[in-house]
Amino acid sequence: MAPGPSKSPVFVPFALPGEEVLAEVDGERGLLIEVLKPSPNRVAAPCPHFSTCGGCAVQTLSAAAYGEWKRGLVVDALRHAGVVADVAPLRAAWGDGRRRATFHARFDARGRAHVGFMEARSHTIFELDACPILAPDMAGALAAAREIAQALAGNEKPLDLVVTASRTGLDVDLRGCGKLDFHTEQALIAVAQQRDLARISNHGAVMIERRAPEVLCGRAVVTPPPGNFLQATAAGEEALTSVVVEAFSGAKKCADLFSGTGAFALRLAEKAEVFCAESDAAALNACLRAANTTPGLRNVTGEARDLFMRPVLPAELEKFDAVVFDPPRAGAEAQARDLARSSVPKIAAVSCNPQTFARDARLLVAGGYAVESVIPVDQFLYSPHVELIGIFAKVSARAKKKRRLLG
Ligand SMILES: C[S@@+](CC[C@H](N)C(=O)[O-])C[C@H]1O[C@@H](n2cnc3c(N)ncnc32)[C@H](O)[C@@H]1O
């Protein structure tokens, strides 16, 4: 962001703070032509597709500046919401790369499928053979996506392919192609065989499952339902869950709200009984099945429940020593209100959106919770996305009074 000719700010993608640049300005946006005076924080972009591919916009910041910038996104959101908290340095959790990606496909007039990511500032597909931020287990994902898309060429609708690396092979869920006829399904089954894919589904409906996809959650082996949410990197899931497991050590009864397929629950169940609540019944069942088939885990129970409409109430929460909640980007306002009114001793809030995290944290603080730690976690290398985790402890009325007296 820089002052434009009219002194109103102009957003110039790929320019860094403090730089002097030559840009073609159109309204509030500028097209970077040349960097005249580079920032001392500027480094060379590591990816050859930088600035053409729309995927990874923030590659030219030095590691230290990048870490401070992402941490700053969390600091700003908390400050804006009026929540006082020390924010830890950014934890890099890229591990060996992304184990899940959504590729886009579009078809040209000759019926050729173009598959890849969107180009920067455009609706054109940027085709690439390899993406450096994908995990090695995603090798072959782009080639498989291209063959699948080509088999759907008659379809013409814009298509998305969600590809997840599982330990039994790639798991592909198609979005946007509608109901397929017999011949197209047969062509896709042939691609699955040739490419040795684990599964292909069409918007959650399994078309072919050659092997059940498997993902490890601690000691448990989960078969996620098609197109299921999964933390973007295995290292990210490990980073987030290890903070929660450590914060909840000693807890005997825990709850995992917005539990998905049990990333937190199945690890916590190594030491504690866990209750899960999640709106997606298929994800919840996958978690419960994994819990039941993993020797040595404590009891894991669950309820398919819409926590926006029907949050777990303070009276229901009383039996838990610790609760983790990990909602979608919209956050968990209703659930945070009820958690704030409970006396659960320890709460972990996990989020992919600093703004809604800050709003929910403010509710917890207003309800008598103290912020013990806030840790930003980076799974989405080179993107403006940041995950974060906050640990909160209930301050009893007596302890609160004592703290006030002590200043
Ligand atoms: C960010 S994911 C977290 C999943 C899991 N904790 C994990 O780490 O893999 C959010 C989860 O919230 C679930 N969800 C979305 N809206 C919900 C709602 N209204 N009530 C309950 N669960 C919901 C989604 O299905 C998804 O599993």
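1. Two residues are taken to be in contact if their C-beta atoms, placed from the backbone, lie within 7 Å. In that sense Val323, leaving aside its neighbours within four places in sequence, is in contact with Cys254, Ala255, Leu257, Leu317, Leu339, Val344 and Ile347.

2. The model is predicted, and local features need pLDDT of at least 70, side-chain atom pairs count only at pLDDT 80 or more, while totals for chains, interfaces and linings use all residues. Residues are numbered from 1 along each chain as its sequence is written.

3. Val323 also belongs, with Cys254 and Cys287, to the residues with the most contacts inside the largest nonpolar core, which has 74 residues. Such a core is a set of buried Ala, Val, Leu, Ile, Met, Phe, Trp, Tyr and Cys residues joined through C-beta atoms within 7 Å, where buried means that 20 or more other C-beta atoms, placed from the backbone, lie within 10 Å of a residue's own. Helix H4 (residues 234-247) gives the most to this core, with eight residues. Apart from it lies another core, of 33 residues, among them Ala141, Ala149, Leu159 and Ala192.

4. An open sheet of seven strands, with mixed pairing, has the order E8-E7-E6-E9-E10-E11-E12; helices (H or I, at least four residues) and strands (E, at least two) are DSSP runs numbered from the N terminus, and two strands pair if DSSP finds at least two bridges between them. Strand E8 (125-127) and strand E12 (205-209) stand at the edges with a single partner strand each, so one side of each is left without a neighbour in the sheet. Neighbouring strands of this sheet are turned by 35° against each other on average, direction ignored, the axes being lines fitted to C-alpha atoms, for helices over the stretch in contact, and angles running from 0 to 180 degrees between N-to-C directions.

5. Within this sheet, strand E6 (residues 100-107) runs antiparallel to strand E7 (residues 113-118), to which four bridges join it, and Arg106 has His114 in E7 as its bridge partner. E6 also pairs with E9 in the antiparallel sense, over six bridges, with Thr102 opposite Val162 in E9. Seven bridges join E9 to E10, again antiparallel, with Leu161 having Leu174 in E10 as its bridge partner, and a hairpin connects E9 to E10 through two residues. Seven of the eight residues of E9 are buried, so E9 is largely enclosed by the rest of the structure.

6. Helix H2 (residues 141-151) lies across E6, E7, strand E9 (159-166) and strand E10 (169-175), running at about 135° to E7. Helix H3 (residues 182-194) packs on the sheet as well, touching strand E11 (199-202) and E12, and its direction makes about 50° with that of E12.

7. An open sheet of eight strands, with mixed pairing, has the order E5-E20-E21-E19-E18-E15-E16-E17. Strand E5 (91-92) and strand E17 (300-304) are its edges, each with a single partner strand, so one side of each is left without a neighbour in the sheet. Five bridges join strand E16 (residues 273-278) to E17 in parallel, and Glu278 stands opposite Ala304 in E17. Helix H6 (residues 281-292) lies across E16 and E17, running at about 170° to E17.

8. Of the 17 residues around the ligand, Phe258, Gly260, Ala263, Ser279 and Leu307 come nearest, a residue being counted if its C-beta atom, placed from the backbone, lies within 6 Å of the molecule.

Key: A residue is buried if 20 or more other C-beta atoms lie within 10 Å of its own, exposed if 12 or fewer, and partly exposed in between; C-beta atoms are placed from the backbone.
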